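Subject: Structure for your files, with notes

Hello,

Here is the structure we talked about passing on. Please keep it open while you read the notes below it.

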Amino acid sequence: MPTVNLKEVLNKAIKNDYAVGAFNVHNLEFVEGVMRAAEELSSPVIIGIATVSIDYAGLEPLAAVTKIYAEKSKVPTVIHLDHGDDIELVRRCIQLGFSSVMYDGSKYPIGENIKRTREIVKIAHDENISVEGEIGVVGGFEALDVGDVSNEQLQELYTQSEDARRFVAETGVDALAVAVGTVHGMPMQNAKIDFQRLKEINAAVDIPLVFHGCTGLRNEDYQKAMGLGVKKFNVGTRLMIEFKQALQKALESDEKSLFASLQEGTAVISAAVKDRIMVLKSADQA
Ligand SMILES: [Zn+2]
């Protein structure tokens with residue numbers, strides 16, 4: 001079916017009380033693995049394409065492969081730019097058939113972030129493309145190396161509810177990524193979430209919230225966050241770790257061909273995505 005935008009998918013999730021996973025893809029195997037899982041469980045899905053993956057695979061090839069899979073699938077699929085950082089890239093993604101873009105201006109002071117995000121919203125909404133914005137610092141690769149700061153220092157960089165209210169009102173974004181304790185690239189499920197802060201942010205805005213870095217999020221915390229307005233959960237690191245391990249193991253065995261080894265990598269991606277779909281309760285919602 002034709003791709004759908006983020007707003008449509010998340011509005012349906014709000015109405016029917018589930019959330020939708022955004023899974024980062026980097027090549028054909030990742031796209032195949034994610035889409036196979038979504039098809040088999042009949043779940044809506046968000047394909048995330050981040051700038052690091054664009055640097056690796058090239059925007060045109062990655063967009064083309066994703067679009068072919070999305071359009072031949074029976075499930076609603078969002079093709080989403082993850083952490084877009086400049087207006088030219090956003091324009092190119094829209095031209096190539098993305099249905100949603102994230103503009104991440106979180107490294108700028110809030111006034112500048114608002115100004116830049118508002119410009120993206122104007123361009124995107126004209127084409128029926130939805131926009132995710134971000135305020136606050138989700139650690140990992142953004143602005144700050146979380147290795148060197150204390151919990152208290154990290155908390156000062158969490159999203160403030162008053163900033164969230166102002167940002168949403170002044171930009172018109174469709175979804176808001178918030179920083180309340182998840183961290184990009186965290187391999188273990190042990191992120192410490194500030195649910196009080198999340199509750200305040202959810203009370204201050206009326207659009208769906210987004211968690212990044214959800215490989216590090218405990219299953220029970222997915223449920224709690226879903227109850228506090230988080231409707232999009234980004235999962236990237238887990239897929240990379242499990243794909244690499246499966247591929248390594250398969251390649252070490254001499255009997256397996258390269259194709260068979262790659263297929264094993266695809267199968268573990270599919271299994272990991274299915275596992276998250278069950279946690280998000282989005283199965284049979286396509
Ligand atoms: Zn992210």
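What follows is a short account of the barrel, the helices packed on it, and some helix pairs.

Please bear in mind that this is a predicted model.

The barrel

The barrel is closed by 8 strands, in the order β1-β2-β3-β4-β5-β6-β7-β8, with parallel pairing. From one strand to the next the twist averages 25°. Helix α1 (residues 6–16) packs on this sheet and touches β1 (20–24), β2 (45–50), β3 (77–84), β4, β5, β6 (175–178) and β8 (230–235). The direction of α1 makes about 120° with that of β8. Helix α8 (residues 161–171) lies across β5 and β6, and runs at about 150° to β5.

Strand β4 and its partners

Strand β4 covers residues 100–103 and is joined by 3 bridges to strand β5 (residues 130–135), the two running parallel. With β3, β4 also pairs in the parallel sense, over 3 bridges. S100 of β4 has H80 opposite it, and S100 also stands opposite S130 in β5. As for side-chain directions, S100 and M102 point one way from β4, while V101 and Y103 point the other way. All four of these residues are buried.

Helix α2 against helix α12

The axes of α2 (residues 28–41) and α12 come within 8 Å and cross at roughly 45°. An angle of that kind makes α2 oblique to α12. The crossing of α2 past α12 is right-handed. On the α2 side the contact is made by E29, F30, E32, G33, V34, R36, A37, E40 and L41, which meet L262, G265, T266, I269, S270, V273, K274 and I277 in α12. By class, this contact has 8 nonpolar, 4 polar and 5 charged residues.

S261 is found in helix α12, which spans residues 258–280. Is S261 buried or partly exposed? S261 counts as partly exposed because it has 18 C-beta neighbours inside 10 Å, whereas a buried residue would need 20 or more. Setting aside its neighbours within four places in sequence, S261 is in contact with L247, A250, L251 and K256. The C-alpha atom of S261 is separated by 36 Å from that of D104, and the two residues are 157 apart along the chain.

Helix α5 against helix α6

Helix α5 (residues 87–95) packs with helix α6 (residues 110–125) at an angle of about 15°, and their axes are 11 Å apart. The two helices are therefore roughly parallel to each other. α5 passes α6 in a right-handed crossing. I87, V90, R91 and I94 of α5 make the contact with E119, I120, I123 and A124 of α6. The residues of this contact comprise 6 nonpolar, no polar and 2 charged.

Helix α8 against helix α9

Apart from lying across β5 and β6, α8 packs with helix α9 (residues 195–204) at an angle of about 30°, with the axes 8 Å apart. That angle makes α8 roughly parallel to α9, and the crossing is right-handed. The contact is formed by S161, E162, A164 and R165 of α8 together with E200, I201 and A204 of α9. By class, these residues divide into 3 nonpolar, 1 polar and 3 charged.

Regards

Methods: Residues numbered from 1 in each chain as written. Predicted model: local features only at pLDDT ≥ 70, side-chain atom pairs only at ≥ 80, totals over all residues. Pairing = 2+ DSSP bridges. Helix = DSSP H or I, 4+ residues; strand = E, 2+ residues; numbered from the N terminus. Axes fitted to C-alpha atoms, helices over the stretch in contact; angles between N-to-C directions. Contact = placed C-beta atoms within 7 Å. Buried ≥ 20, exposed ≤ 12 C-beta atoms within 10 Å, placed from the backbone. Parallel < 35°, antiparallel > 145°, perpendicular 65-115°, else oblique. Left-handed = near helix turned anticlockwise from the far one by under 90°. Nonpolar A, V, L, I, M, F, W, Y, C, P; charged D, E, K, R; others polar.
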